[in-house]
Amino acid sequence: MASLLCLSLLAAAAAATSPGRLVPFDLLYADGVRAYLARDWARAAELLQRALHSYAGLRAARRACRAACARQEPLGGGPGRWEAALLGPVLQRARCLQQCLGRRLRPAPSAHRASRAVRRDFERREPYNYLQVAFFQLKKLDQAVSAAHTFFVANPQHLQMREDIEKYRRMSGVKSDSFQDLEATPHWEAYETGVQHYDADEYLQAVASLEESLSEALSALEECRALCEGPREDEDEEEEMQPGLYEAIAAHYIQVLKCRQQCVLEIATKPGRISATEDFIPSHLDLLQFAYSQVGNQTLAAECAASYLLFYPTDEPMLEKMQQYRTELGEDAAVTARQSIQHYVQRSLMEKKLIYYAVEHLGETFHDPDLWTPDELIPENLREKHREDQEKQKQETLDVEEREKRGALPFEGIAVTMDSQQMNGTQRVVFDRVLTESECKDLLRLTKAAGEAGDGYRARRSPHTPHERFEGLTVLKAVQLAQNGDVEWRDAKLLLQASEKSRRIIESYFTPGKKLHFSFTHLVCRRAVDGEQEGRMDLSHPVHADNCLLDPEGQECWKEPPAYVYRDYSGILYLNDDFQGGGLFFTEMDTVTVTAEVRPKCGRLVAFSSGKENPHGVWAVRRGRRCAIALWYTHSPEHAEQERMKAEELMEQRAMEQDQPDGDKHQGTDGSSRSFSEPRAPSRAAKPADQRQKPGLDRKQQPKVLRARDEF
């Protein structure tokens, strides 16, 4: 069924480009959403599919007409004055486009100009989100799964769709091949396959896939560039003074050129990601030259090396390779770069030259997407800033390295049980004797309140696996429970003290002299569900990194939302060991090669940096109840844990009240102070995105705090 849906989409898109009426996609989309809201599932599914067909048909018509008119009406010189010579072919191209689109798009092409918001919905695959619900209600599971998967690929941060996908996987009537991306880009599939073969030293297969990827990527680039020749997008729609003829022509032309330059980012960005792969086209050539040399084809290896040098002509390792190939092939052998790459580079440099002229003289702005742009092309007054931006970007893409300078631990009796070398990684450490047996017992007593309060995961008991039950408690909730007399004040205070002690230990070990702030503190237990452990194959917590989105296939970790990109260090302070399973483990970027394991026990603190260098997960808890304090830290004061600050304020108020006469306090049944109002938990701060590197995760009275979901 999924393949039928895919074929129907392609067939309809092809039919939409043939002469005949093409209903504007934004009108179909609006009608489809209205039918969806009216719960008319059959009509909603029909209209939404037609909207997708129309959108694909419109794009195909524009691409085809621009290609056809470029062949029929080339923009060459002509007789007469310069204006006629320049603008005459432009007018002829405009006439050709208008006639071509008029034949392919009925009603008139102007009827297909949708709003920016609607276009953004289609770019984000939002119609598939509606479609999957409509198909589900119509009992068409295979089509619902394909639509859901297509949406999720482009929106992996969508938590509700993540849950829906997991539900579909557990349904008995769903076929595995239904999980297909109906909007899949061929060059990305081929690229990832090629990189996998390359990493496995399977160079013959790598060559085939990487060549396919490069060819498809260049084709996708041309399609993207064709779509740049649309109506001008006015950034300032309230501009009072309209530009003159030449200013308007220049502004629109520069907008088209900048759009064409940005196309390389579009094809280099994997669906569902924000950041693009750096040097996407050059990296193909780099990988191909090595792969060809390994299979003994020195001619093609030299051709790829020559093509790569068009981007980086002073790259010493590649120049040495080029000299080696010339020696092997003979000095008389003609070694030239590929024609397609020569055309790509020459055209890009010409466009950059025009854009930088507009930046220097017309007040335009430009964010160059390429690292290989030569300095001499950039105006002298802009070069310094360009170099600074490049250096900053390179620095951000360096792997995190272990720093050997360690400060003295601030507490006596604490032992370093394992360091990074013993744990086969970087910035990892295990401390023992951070808590005493008595302190562990007191904190375990506090976890009973967590089980009753259910504070965590927005009242969902099994956020990671249905085979376990989770119980969480934040520091603010612990203090509030103490105010109400539900727990003892000393236990709530111990939670604050134990987490602060851990912070000071981690700060002194990893970042002496540089302040670490709490990002989030969570006392959490996970209990194995009786009768649900037989045949269990999943983990208690899947492998992930704490400040980026792990991509094991691409061997990358994306520092972008919804990841907590501001987190710098993480820690787990264990409270018990009377359970089976539940150990922490670290892996390589592939998420399957285990590099180290840590067995929980009372008072043991494991700490590590939060980035891609430390992917980790938790083995399944198969029996009993595992409890720990999960800790995250940041160097950024603006991302400091607000709930903790409020909890500390309430604790200080409690201490002050104890110094007052008894008549001034409201006593609870256990003698503790009781508050008449509960403070509201703050909302989360927004998180910045980062750049991807070159290639080589029903309590009504309590606010639903999203942070509590990110527990170990």
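## A302 and its contacts

Beyond its neighbours within four places in sequence, A302 is in contact with M322, Y325, L329 and V335. The model is predicted. A302 belongs to helix α13, which covers residues 298–311.

Is A302 buried or exposed? Its relative accessible area is 0%. The cut-off for buried is under 20%, so A302 counts as buried. A further distance places A302 relative to Q324. These two residues are 22 apart along the chain, and their C-alpha atoms are separated by 9.0 Å.

## The second largest cavity

The volume of the second largest cavity is about 90 Å³. Which elements give two or more residues to its lining? They are α10 (203–227), α11 (245–267) and α15 (339–361).

The lining consists of L221, R225, R260, Q261, C263, V264, Y344, R347, S348, E351 and D370. By class, 5 of the lining residues are charged, 4 are nonpolar and 2 are polar. The charged class takes in Asp, Glu, Lys and Arg. Among the lining residues, R225, R260, R347, E351 and D370 therefore count as charged. Q261 and S348 are the polar residues of the lining.

## Backbone: positive phi

Most residues other than glycine have a negative phi.

R125 is not a glycine, yet its phi is positive, at about 65 degrees. R125 sits in the loop between α5 (116–123) and α6 (126–137). Its relative accessibility is 9%. Buried means under 20%, so R125 counts as buried.

Q555 is also a residue other than glycine, and its phi is positive, near 55 degrees. Where does Q555 lie? Q555 is in the loop between β6 (549–551) and β7. Its relative accessibility is 38%.

## Backbone: a cis peptide bond

Most peptide bonds are trans. Which form does the bond from P561 to P562 take? This bond is cis, with omega near 10 degrees. P562 is found in the loop between β7 (556–558) and β8 (569–574).

How values were computed. Residues are numbered from 1 along each chain as its sequence is written. This is a predicted model: local features need pLDDT of at least 70, side-chain atom pairs count only at pLDDT 80 or more; totals for chains, interfaces and linings use all residues. Side-chain values use heavy atoms; hydrogens and water are left out. Helices (H or I, at least four residues) and strands (E, at least two) are DSSP runs, numbered from the N terminus. Buried means under 20% relative accessible area, exposed over 50%, partly exposed in between (1.4 Å probe, protein chains only). Contact means heavy atoms within 4.5 Å. On a 1 Å grid over the protein atoms alone, a cavity is a set of points where a 1.4 Å probe fits but cannot get out, and a pocket is an open set with protein on both sides within 12 Å along at least five of seven lines; lining residues have an atom within 4 Å of a point. Grid points are joined across faces, edges and corners, and a volume is the space filled by probe spheres set on the points.
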